[in-house]
Every structure is written in C-alpha cells, then in structure tokens.
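Here's a quick briefing to read alongside the sequence and the 3D view. Have both open, and we'll go through them topic by topic.

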Amino acid sequence: MVELIGVTGPSCSGKSTVCREMEQRDEARRFSLDNFYRPEKELENNNYDHPNAVKFEQAYRALKDLKKGKEVVVPEFDKINNEVVGEKTFEPFPLILVDGFMVLYHDKIREILDKSIFLDIPKQEQLRRRKKRFREGGLYADEDYFHETVYPAYKKYIEPTKEYADHVIDADKEPEEVIEEVLSKLEI
Ligand SMILES: Nc1ncnc2c1ncn2[C@@H]1O[C@H](COP(=O)(O)OP(=O)(O)O)[C@@H](O)[C@H]1O
Ligand SMILES: [Mg+2]
C-alpha cells in the first residue's frame, strides 16, 4: 500500500527540510510539486507563486499511478533557469511525502492525499528564513518581491488551504522539534 501525505505551508516553513530528513531516515520518499512547474516561456507573468505556474493535472496523474503501486516519470525542473531539464523515474514507496506550498490548492490532489500537514510560520519568520536561504545560495532574496508577490499570493491561495489540513503544526521552532511533531502526527 502507498500512503500519500501532503506537506504544505508558506515559503520557508521547512517543508523540504522535513521531507528530505524523512527521506534520509528512509521513512519516506519526497515527491516535490516543484518538479511540476511550467517553464518560464509558458508563463505570462513569470510568477511562480501563482497557481497557474503548476501543472497540477500531470502531478495528479503521477500521484494516482503511485497510489496504485506503479512507477512514474517525474520531470526535473531547474529553478535557476526555470526550465525542464530532464526526467526521473519515481518508484512507489509505502510513505510518500508530497512537498509543496500548493499541495492543498488543487481539489483532485487534495482528495487523493491520505493525510496532510500544514507547517505554519509567521510572516516575519518567512522573510528571515528566505534571507537565510539566499545566503546559503538559494533563490529570491529580494524583500520587495516578498512583500509585493510572495506574501500576497500566500494570503490569497495558500493560507485558505490551511482549513483542509489534517494537522496544522507550529513550525516556528527547531527543525528537530518540527520533525518529531510530524512523526508523532503520522504515528511513525
Ligand atoms: N525549523 C526551522 N528553523 C529555522 N530554519 C529553518 C527551519 N526549517 C527550515 N529552515 C531553513 O529555512 C530555509 C527554507 O527551508 P525549506 O525547508 O527549504 O522551506 P520550504 O521548503 O518550506 O520553502 C532553509 O534555509 C532552511 O535551512
Ligand atoms: Mg521547498
């Protein structure tokens, strides 16, 4: 049996950190919705915080097959150049964590999940961690971009999906504590 667990929340809430750690511990595999971004040339506004940027139908079909125990092909998306650079096979695994800030946005994906977790952090902490991620070599440190694009999109599209989550976890604490709480909610 394959169990699909949605791990969602705002930018920098620690979704990928939690999912990668659980993958490292061999408890789960991480299926990232970030691999299903549309290439920049297909987007009108180059806005990767808008739901139009995600190929939800394709992600849904892959999750549906994984749920049936079938191997699937997942695109590899390069966030630096915003293009698809290849593909990878993804094998079924008893626990698959579906990582992404729009995981609970699309009704079909929401419905195929067995459970979901929303990692919650306040606005200032989102901003603080974005700057930290940038210092570590990540993307989008621009504070204006956060205030003008990222945060309004979060309020409009992501925060309203919190009500669909089975568990809302206060993620404004040490990563180890967040992981412990996730494990306890999932009864692992
Ligand atoms: N619990 C935490 N406390 C402090 N910093 C964290 C925590 N979890 C993640 N981070 C840091 O925040 C940044 C974003 O984490 P990431 O897991 O990529 O977030 P997301 O996938 O939700 O956007 C990284 O620099 C990461 O090291
Ligand atoms: Mg992430």
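**Strand pairing**

Gly 6 sits across from Ser 116 of strand 6. Keep in mind that this is a predicted model.

**Around ligand 1**

- Ligand 1 has 16 residues around it, and the closest are Gly 14, Lys 15, Ser 16, Thr 17 and Arg 129.
- Helix 1 (15–24), helix 4 (123–135) and helix 6 (175–185) each put at least two residues into that shell.

**Overall layout**

- The protein has six helices and seven strands.
- Reading from the N terminus, the order goes β-α-β-α-β-β-β-α-β-α-α-β-α.
- Take the contacts between residues at least 6 apart in sequence: 73% of them link residues at least 24 apart.

**Size and packing**

- The radius of gyration is 16 Å, which agrees with the value near 16 Å that a compact globule of 188 residues would have.
- Along the principal axes, the C-alpha atoms fill a box of roughly 45 × 40 × 30 Å.
- Of the 188 residues, 32% are buried.

Notes
Residues are numbered from 1 along each chain as its sequence is written. Chains are lettered from A and ligands numbered from 1 in the order in which they are written. This is a predicted model: local features need pLDDT of at least 70, side-chain atom pairs count only at pLDDT 80 or more; totals for chains, interfaces and linings use all residues. A residue is near a molecule or strand if its C-beta atom, placed from the backbone, lies within 6 Å of it. Helices (H or I, at least four residues) and strands (E, at least two) are DSSP runs, numbered from the N terminus. The radius of gyration is taken over C-alpha atoms; the globule rule is 2.2 Å times the number of residues to the power 0.38. A residue is buried if 20 or more other C-beta atoms lie within 10 Å of its own, exposed if 12 or fewer, and partly exposed in between; C-beta atoms are placed from the backbone. Two residues are in contact if their C-beta atoms, placed from the backbone, lie within 7 Å. Two strands pair if DSSP finds at least two bridges between them.
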